[in-house]
Amino acid sequence: MKRVLVFEAHGDDMEFFAGGTIAKFCALGHEVTLVVATDNDKGSFELSAAALRAVRDKEVNGAADVLGIKRVIPLGYSDGDLAYQATPDHLRGQFTRIIREVNPDIVVTWDPFAPYEGHADHRAVAVAASEAASFSHFPLYYPEQLTGGLQPHYVGEQWFFAKSPRDQNKFVDIDGYIDKKIEALYKHEAQMVLTIADMQHHLRASGLDVPWLAALDPHDYHEAIARRMKQGAHAVAQRAGLACEYAEGFRRTRYGGIESFAKDQQIPEDV
Ligand SMILES: [Zn+2]
């Protein structure tokens with residue numbers, strides 16, 4: 001059994017990029033903990049911030065239950081303001097403490113080196129989480145945390161959400177888990193409505209003609225989301241040359257690249 005710790009900015013980030021993989025980790029008996037940095041209180045064109053905060057925990061926990069995640073840790077920063085509410089040092093320290101509490105073998109998060117990432121929350125989580133995962137075993141980082149049984153902890157693998165195919169070097173067959181990924185996304189109802197409404201903003205402004213999207217009630221998001229997820233996962237599988245129908249791709253680093261010293265040996269795959 002491995003421990004997997006996911007750091008995400010918003011309640012649905014992980015589901016979009018890694019929902020099938022996380023469902024597979026859970027089904028194989030690995031223990032997954034999810035840290036959600038913000039409260040998603042700006043993610044709607046129709047609800048107030050207070051109304052969004054009121055449904056947020058229910059949606060996040062509902063999706064976690066679908067995937068089989070054991071524990072959710074909400075940090076409650078305001079959506080969109082994470083990088084301005086928490087200094088990089090504070091956020092890295094907070095993430096380091098969580099790593100030292102959860103003792104993960106694998107950290108999954110946003111990629112600090114992904115090009116063209118437009119969302120400041122994603123960038124803030126990416127930098128803090130990858131630095132925390134890289135340095136949590138060094139006792140002189142945040143030494144004040146090392147009381148009451150908390151120990152330095154080494155994280156062997158970092159898996160980064162990969163928007164660009166160029167960055168993907170690890171692929172996971174999610175044929176048995178694509179439905180769980182989609183079902184988990186459906187639990188994020190406010191965010192799914194927003195996703196469709198935002199696509200419609202882009203469409204109207206572009207002047208392009210996509211009648212089914214223009215006419216879609218954003219609350220009827222189910223089919224459009226399922227189609228988009230299946231198309232995306234199928235394209236990943238095809239690009240990777242896999243025999244499966246659906247896959248997710250990550251940029252992964254393992255054990256600081258130490259495998260180059262042991263060329264004839266393989267590190268076993270967990271999923
Ligand atoms: Zn996000």
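This is a predicted model: local features need pLDDT of at least 70, side-chain atom pairs count only at pLDDT 80 or more; totals for chains, interfaces and linings use all residues.
**Salt bridges and burial**

Biologist: What makes the contact between Lys42 and Asp41 a salt bridge, and why does Asp41 count as buried?
Modeller: The N to O separation of the two side chains is 3.9 Å, and since the cut-off is within 4 Å, the pair qualifies as a salt bridge. Asp41 stands at 9% relative accessibility, and buried means under 20%, so Asp41 counts as buried.

Biologist: How do you know that Arg251 and Asp111 meet in a salt bridge, and which parts of the chain does the pair link?
Modeller: Their N to O value is 2.7 Å, and a salt bridge requires within 4 Å. The pair links distant parts of the chain, 140 residues apart, with Arg251 in strand S7 and Asp111 in the loop between strand S4 and helix H5. Arg251 counts as buried at 18% relative accessibility, and Asp111 counts as buried at 6%, because the limit for that class is under 20%.

Biologist: What makes Glu117 and Lys163 a pair that ties together separate parts of the sequence?
Modeller: Their side chains meet in a salt bridge at 2.8 Å, N to O. Glu117 lies in the loop between S4 and H5, whereas Lys163 lies in the loop between strands S5 and S6, so the parts tied together are 46 residues apart in sequence.

Biologist: Why is Lys163 called exposed?
Modeller: Its relative accessible area is 52%, and exposed means over 50%, so Lys163 is exposed.

Notes:
Residues are numbered from 1 along each chain as its sequence is written. Side-chain values use heavy atoms; hydrogens and water are left out. Buried means under 20% relative accessible area, exposed over 50%, partly exposed in between (1.4 Å probe, protein chains only). Helices (H or I, at least four residues) and strands (E, at least two) are DSSP runs, numbered from the N terminus.
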